[in-house]
Amino acid sequence: MVDNTQATKSISLNQYGIKNAKVHYQLSSDQLHNITLKKEQGVESSLGALAVNTGEFTGRSPQDRFIVKDEITKDRVWWGNINIPFKTDKFDALYNKVVNYLSEKEVFVRDSYACADDNYRLNIRVINEYPWSNMFAYNMFLRPTERQLENFNPEWTVVNAPGFMADAEIDGTRQHNFAILNFTKKIALIGGTGYTGEIKKGIFSALNFILPVFKNTLPMHCSANVGKNGDTSIFFGLSGTGKTTLSTDPDRSLIGDDEHGWTAENTVFNFEGGCYAKVINLSGENEPEIYNAIKKGAILENVIMDNNGNVDFEDTSITQNTRVSYPIYHIENIQKPSIGKNPKNIFFLTADAFGVLPPISKLTPSQAAYHFISGYTAKVAGTEAGVTEPVPSFSACFGAPFMPLHPTKYAEMLSQKMKDAGVNVWLVNTGWTAGPYGVGHRMKLKYTRAMISAAMNGDLGDYSYENYHIHSVFGVAQPRQCPGVPTEVLSPRATWNNDEAYYKMAFKLTNAFRENFKKFESYASEEIRRGGPQRYAF
Ligand code: ATP
Ligand code: MN
């Protein structure tokens, strides 16, 4: 791959209020890698990838994510503890403090864009305090060609100052770190945290507002890939449920691992130009494509290495949420450009720590709508500050922290699109089997892959009694057979070896579903409500 984004010009940042900065514009990945080493902000691992520590924060901080409440957002955003309002004048004052902080400093600037489909393209200028954060932007956003750079008009700006600490009392933040979206000024302002995920999820959240409101396109927290016959699959799921792992499939070309749009023209496109994979317990044997993507150009975050730069992927002493970012071309089998047709199969991934959901089941349209709005998983430690042990959790649309609109907006769009496209929808439990977390064990990746392949290839058969058993508690259709998977694995109850304990736990989960769904009851149609579990504990 030719790196055609060498520094060609120098730019001034005066228009942003950043004065007398030493600006490094559009440096190559290699240059940023080397500058990071020289500044001793990172080291080179034996695999060639740069390794950095992101500092105090090794995950996103959802409680410190704000949206400026202004003419554009005030009547559209679903305000609450997910979309926390921020005052315009407070934003202006804090912005001024941040750009003052960056003035006189060395800063790294990169022009890039989001959305692989040219009709939806969003130009972004990223201004970073640190070279490795700017390299992250190179990896994760789409990379303009030299020609595209010649008359590049940045529309959104990401200002990223991890070393700047807010004064909560004066600045109107919760504490010293913050990520604030301003839709009028088109700025994502990030300070006090070096976690790079805030940069990509900042732009994701902006697109989750812009695309449905102005472009009639459904934004989705999902991964996507395409089979040899051109059939697209998408995989929704919260952090750690397997979006990146399962979309990276040697037999299918990768569209993207995390953020996509589904257009009115029946296409699915990637927002990003790279992947951000978890590397906890990563092995070359189990996940060769991701392992081999860790080379020069990739950035490892918060991993532990020995003196020779050998990474211990099992070491969680900094965090469970160890990561690697790499440009998508580090994966061999990719779709170019990152666009596919209407999906044929949709997978809802959940890491069920109760261990009671079937490893794969087929959903009716009602069930699909119900489960999309519920967005169940069990949070696994690490990606978010403050979460240290698994907790069952519900996050609407499998991505509530990134969705500025009311969840039903996205759910209605998805239901309509699923109907029009005639997709199959599957619920996949990539979490626990043979007992809950602590007793059972995680579903074997090999089995999950086999079940997903079977679903896509039509090997689970038509929707009939011979092929499926309706789960007595959840009401979903559990396949009776699956090539490459022992039959007892398909029935969670059978893996428990204790029916009473299994049903008790299953009812515990259905009650949690019911409790969570209360807040959507007044919005949900009878059809959607019918998609919920069939039985509850009393
Ligand atoms: P994020 O939104 O934070 O990027 P993600 O949905 O992309 O999260 P992955 O990065 O794919 O999640 O993480 C899934 C993790 O679970 C990986 O570390 C993977 O190795 C592990 N895993 C274990 N068993 C399974 C399974 N049966 N299916 C999928 N992943 C599994
Ligand atoms: Mn991922």
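At what angle do the axes of helix α9 and helix α14 cross? Roughly 75 degrees. One caution before I go on: this is a predicted model.

Back to that pair. Helix α9 covers residues 365-374, and helix α14 covers residues 499-517. Their axes come within 10 Å. Angles of 65 to 115 degrees count as roughly perpendicular, so α9 is roughly perpendicular to α14. Who touches whom? From α9 we have Tyr370, His371, Ile373 and Ser374. They meet Phe513, Arg514, Asn516 and Phe517 of α14. Sort that contact by class and you get four nonpolar residues, three polar and one charged.

Now a second pair of helices. Take α1, residues 29-38, and α3, residues 131-140. The axes of α1 and α3 come within 8 Å, and the crossing angle is roughly 155 degrees. Over 145 degrees counts as roughly antiparallel, so α1 is roughly antiparallel to α3. The crossing of α1 past α3 is left-handed. On the α1 side, the contact uses Ser29, Leu32, His33, Ile35 and Thr36. On the α3 side, Pro131, Trp132, Asn134, Met135 and Tyr138 take part. By class, this contact of α1 with α3 has six nonpolar residues and four polar ones.

Next, the ligand. How many residues surround ligand 1? The count is 20. The closest are Ser239, Lys243, Thr245, Glu287 and Arg323. Let me pick out some polar atoms. Lys243 puts a polar side-chain atom 2.7 Å from an oxygen atom of ligand 1. Gly242 works through its backbone: an N or O atom there lies 3.2 Å from a ligand 1 oxygen atom. Met443 also comes in by a backbone N or O atom, 2.9 Å from a nitrogen atom of ligand 1.

Last, two backbone details. Where is the cis peptide bond I want to show you? It joins Lys336 and Pro337. Omega there is about -10 degrees. Pro337 sits in the loop between β21, residues 323-327, and β22, residues 339-341.

The other detail is Asn20. Its phi is near 55 degrees. That is a positive value, in a residue other than glycine. To find Asn20, look in the segment before β1, which covers 22-25.

To recap the helices: α9 is roughly perpendicular to α14, while α1 is roughly antiparallel to α3. And please keep in mind that the model is predicted. Over to you for questions.

Technical notes: Residues are numbered from 1 along each chain as its sequence is written. Chains are lettered from A and ligands numbered from 1 in the order in which they are written. This is a predicted model: local features need pLDDT of at least 70, side-chain atom pairs count only at pLDDT 80 or more; totals for chains, interfaces and linings use all residues. Side-chain values use heavy atoms; hydrogens and water are left out. Axes are lines fitted to C-alpha atoms, for helices over the stretch in contact, and angles run from 0 to 180 degrees between N-to-C directions. Helices (H or I, at least four residues) and strands (E, at least two) are DSSP runs, numbered from the N terminus. Angles under 35 degrees count as roughly parallel, over 145 as roughly antiparallel, 65 to 115 as roughly perpendicular and the rest as oblique. A crossing is left-handed if the near helix is turned anticlockwise from the far one by less than a right angle, and right-handed if clockwise. Contact means heavy atoms within 4.5 Å. Ala, Val, Leu, Ile, Met, Phe, Trp, Tyr, Cys and Pro count as nonpolar, Asp, Glu, Lys and Arg as charged, and the others, Gly among them, as polar. A residue is near a molecule or strand if one of its heavy atoms lies within 4 Å of it. A polar contact is a pair of N or O atoms within 3.5 Å; within protein, one must be able to donate a hydrogen and the other to accept it, and residues adjacent in sequence count only if both atoms are side-chain atoms.
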